[in-house]
Amino acid sequence: MNIFLFIPGSVLYLDDINLTSKNILALIISLSRKEGFCFASNEFLAKSLGISERSVAYSINELKKKGYITSERKRYIRYIKLNNNILIENELQLKTINANLAEINADFANTNANLADTNANSAQYNNNYNNKYKNNYNTYRHTSYDLEELMKIK
């Protein structure tokens, strides 16, 4: 069975949390898709990601402090809920980044087009120069010398 973790761009580009916290947040998002919350234990999260429960506890606390998640206990179950406002804000930042990248790519395409025009102009100039040189060469070259003609010059 192939199991994988999808990390949304809005999580991947968060620069205020470490990679472990990003992975945990992505897993919480994945587990919360159906109900809007999940009730995964630290043990489950640790086993899923192959890390220690202590790392999970640290990351969960970090995510709470940063406001990415909230958690509450009802009886013996911990409910972890996403703070959608922060994720939506990061989604908007990601869209801005993508728009900037699109603008950069358009500028790059224009630069490439300009270079292609310059190369075409250079090739045309070189062809014209070579043709002119070839014509001049054909006009002034001497393939055979007539010795009698050369002697008359003296």
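Predicted model: local features only at pLDDT ≥ 70, side-chain atom pairs only at ≥ 80, totals over all residues.
If you start at the N terminus and read along, the elements go α-α-β-α-α-β-β-α-α. There are 154 residues in the protein, and buried ones make up 22% of them. As for contacts with a separation of 6 or more, 50% of them are between residues 24 or more positions apart.

Okay, let's go to H2. This helix covers residues 19-31, so 13 residues by DSSP. From first C-alpha to last, H2 reaches 18 Å, close to the 18 Å expected at 1.5 Å a residue. Look at the N-terminal end of H2, and you'll find Asn-18 capping it. Here a side-chain oxygen of Asn-18 sits 3.2 Å from the backbone nitrogen of Thr-20.

Which residues of H2 are buried? That list is Ser-21, Lys-22, Ile-24, Leu-25, Ala-26, Leu-27, Ile-28 and Ile-29.

Now, what does H2 meet in H4? H4 is the helix at residues 53-66, and its axis and that of H2 come within 9 Å, crossing at roughly 80 degrees. Anything from 65 to 115 degrees counts as roughly perpendicular, so that is what we call H2 and H4. On the H2 side of the contact you have Thr-20, Ser-21, Ile-24, Leu-25 and Ile-28. Those meet Ser-55, Val-56, Ser-59, Ile-60, Glu-62 and Leu-63 in H4. By type, the residues of this contact split into six nonpolar, four polar and one charged.

Moving on past H2, we come to Ser-32, in the loop between H2 and strand E1, which is 37-38. Is Ser-32 buried or exposed? Buried, because its relative accessibility is 4% and the cut-off for buried is under 20%. A polar atom of the Ser-32 side chain lies 2.7 Å from the backbone oxygen of Ile-28, and Ile-28 is one of the H2 residues in the contact with H4. Leaving aside residues up to four places away in sequence, Ser-32 touches Phe-37, Cys-38, Ile-80 and Leu-82.

Last stop is Arg-75. You'll find Arg-75 in the loop between strand E2, 69-74, and strand E3, 77-82. Its phi is near 60 degrees, which is a positive value in a residue other than glycine. And Arg-75 counts as exposed, because its relative accessibility is 80% and the cut-off there is over 50%.

That's my tour, thanks.

Methods. Residues numbered from 1 in each chain as written. Heavy atoms only, no water. Helix = DSSP H or I, 4+ residues; strand = E, 2+ residues; numbered from the N terminus. Expected span 1.5 Å × (residues − 1). Buried < 20%, exposed > 50% of the residue type's maximum accessible area, 1.4 Å probe, protein only. Polar contact = N/O pair within 3.5 Å; in protein donor to acceptor, adjacent residues only side chain to side chain. Axes fitted to C-alpha atoms, helices over the stretch in contact; angles between N-to-C directions. Parallel < 35°, antiparallel > 145°, perpendicular 65-115°, else oblique. Contact = heavy atoms within 4.5 Å. Nonpolar A, V, L, I, M, F, W, Y, C, P; charged D, E, K, R; others polar.
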